[in-house]
Amino acid sequence: ATHVWTVHKLLAWVNNGVIWSNNGSADAVAAGMNSATPDLGMYAGSWVGTNNGLALSTYGIVQWVGGAGASSSTTVNSNSPQTINPGNQTLAGSFYLGAFNGASYGNVEIAATLVYDPSAGGYSAAAVLASLKAIYNL
């Protein structure tokens, strides 16, 4: 599984607007705005999962866990994770902020993006969240 952390603010709602993707193509694993405002979800062939914990015009910390099948999730700030299943696609290859081929760009203001593979060791989700909260006064 790969963990992606974003500190961002949704400036305006864009239906199916992409915040990031792994390879810039239609078969990407992507994270973005999933139909109904303000639901965030992940994409891996189709949009799955929703997490409505981040209101428009408000900065928040979102942790996206992908490539873990049914153990994938989205977490907004300190809320409970919303379990989703975007399949076992990984973030191997490139990482793009913005849309993949044929999708809309998400209208977001991004303060920080962190991409981490927990199998590398020395990782604590709680420590990352605490650090981001302290740095961005959230």
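Predicted model: local features only at pLDDT ≥ 70, side-chain atom pairs only at ≥ 80, totals over all residues.

Colleague: Where does Asn-51 lie, and is Asn-51 buried or exposed?

Modeller: Asn-51 lies in strand 5, which covers residues 47-51. Buried means under 20% relative accessible area. Asn-51 has 10% relative accessibility and therefore counts as buried.

Colleague: Which residues is Asn-51 in contact with, leaving aside its neighbours within four places in sequence?

Modeller: Asn-51 is in contact with Pro-38, Asp-39 and Leu-40, with Thr-74, Thr-75 and Val-76, and with Gln-82.

Colleague: Let us turn to helix 1. How many residues does helix 1 have, and what distance does it reach from its first C-alpha to its last?

Modeller: Helix 1, residues 125-136, has 12 residues and reaches 16 Å, close to the 16 Å expected at 1.5 Å a residue.

Colleague: Which residues of helix 1 are buried, and how are they arranged about the axis?

Modeller: Val-128, Leu-129 and Leu-132 are buried in helix 1. Seen down the helix axis, the buried residues fall within an arc of 95°, so they line one face of helix 1. On the other side of helix 1, Ala-126 and Ala-134 are exposed.

Colleague: What covers the buried residues of helix 1?

Modeller: The cover includes strand 1 (2-12), strand 6 (59-66) and strand 11 (107-116).

Conventions: Residues numbered from 1 in each chain as written. Heavy atoms only, no water. Helix = DSSP H or I, 4+ residues; strand = E, 2+ residues; numbered from the N terminus. Expected span 1.5 Å × (residues − 1). Buried < 20%, exposed > 50% of the residue type's maximum accessible area, 1.4 Å probe, protein only. Arc of directions from axis to C-beta. Contact = heavy atoms within 4.5 Å.
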